[in-house]
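Thanks for coming. Please keep the view open while I talk.

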Amino acid sequence: GHLPVLRLLFEKGGIDLFFIVNKRNWSCAFRAATNCHLESLSFLYDMCGKELLMIANADGLACGQHAALNGNLSMLEFVYEKCGGDHLLNTLSHGASIGVLGALSGSVDTMRFLINKLGRG
């Protein structure tokens, strides 16, 4: 699984590695949020704090936006619980909002969450 790999990376390199966004605009945290690996995202949060979850890539996507785009409600709830909602309201570089990303996911539960917590969908 992903968690043992993350633990090994942490043991060998500390937290700096987790803050890297590669040339394809991905980080460890983005992957965890996108692919619904709550245990991995929780580990990353415990090791690095909320700043890691709030880092945006060149397109403006942070973990919460990745989760909304993919309809990963548990990830979106986790990011909201740990970081609040203000950073989720940032408009992306191409003009899309968190509501647009949630709609693109096709997840009614994601849209309900966004409307209930952020007042928009």
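Start with α6 and α8, whose axes come within 10 Å and cross at roughly 20°. Axes here are lines fitted to C-alpha atoms, for helices over the stretch in contact, and angles run from 0 to 180 degrees between N-to-C directions. Helices are DSSP runs of H or I with at least four residues, numbered from the N terminus. The two helices, α6 and α8, are therefore roughly parallel to each other, a label for angles under 35 degrees, while angles over 145 count as roughly antiparallel. Their crossing is right-handed, meaning that the near helix is turned clockwise from the far one by less than a right angle.

On the α6 side the residues are L73, L76, E77 and Y80, and they meet D109, T110, F113, L114, K117 and L118 in α8. By class, this contact of α6 with α8 has six nonpolar, one polar and three charged residues. Contact means heavy atoms within 4.5 Å. For the classes, Ala, Val, Leu, Ile, Met, Phe, Trp, Tyr, Cys and Pro count as nonpolar, Asp, Glu, Lys and Arg as charged, and the others, Gly among them, as polar.

A word on the source. This is a predicted model, in which local features need pLDDT of at least 70, side-chain atom pairs count only at pLDDT 80 or more, and totals for chains, interfaces and linings use all residues. Residues are numbered from 1 along each chain as its sequence is written, and side-chain values use heavy atoms, with hydrogens and water left out.

Next, α3 (residues 38-48) against α6 (residues 73-83): the axes come within 10 Å and cross at roughly 20°. That makes α3 roughly parallel to α6, and α3 passes α6 in a right-handed crossing. From α3, L38, L41, S42 and Y45 meet S74, M75, F78, V79 and K82 of α6. The classes in this contact of α3 with α6 are six nonpolar, two polar and one charged.

The contact of α7 with α8 has five nonpolar, four polar and no charged residues.

Now the core. Which residues have the most contacts inside the largest nonpolar core? They are F18, L41, L44, C63, L76 and L114, in a core of 31 residues. At least two core residues come from each of α1 (2-13), α2 (28-34), α3, α4 (50-54), α5 (63-69), α6, α7 and α8. Helix α6 gives the most, with five residues. A nonpolar core is a set of buried Ala, Val, Leu, Ile, Met, Phe, Trp, Tyr and Cys residues joined through side-chain atoms within 4.5 Å. Leaving aside neighbours within four places in sequence, L41 is in contact with A29, A32, A33, L53, C63, M75, F78 and V79.

Is each of them buried or exposed? G106 is exposed, with a relative accessible area of 61%, whereas S107 is buried, at 16%. Buried means under 20% relative accessible area, exposed over 50%, and partly exposed in between, with a 1.4 Å probe and protein chains only. Beyond its neighbours within four places in sequence, S107 is in contact with G71 and G102.

Definitions and conventions:
Parallel < 35°, antiparallel > 145°, perpendicular 65-115°, else oblique.
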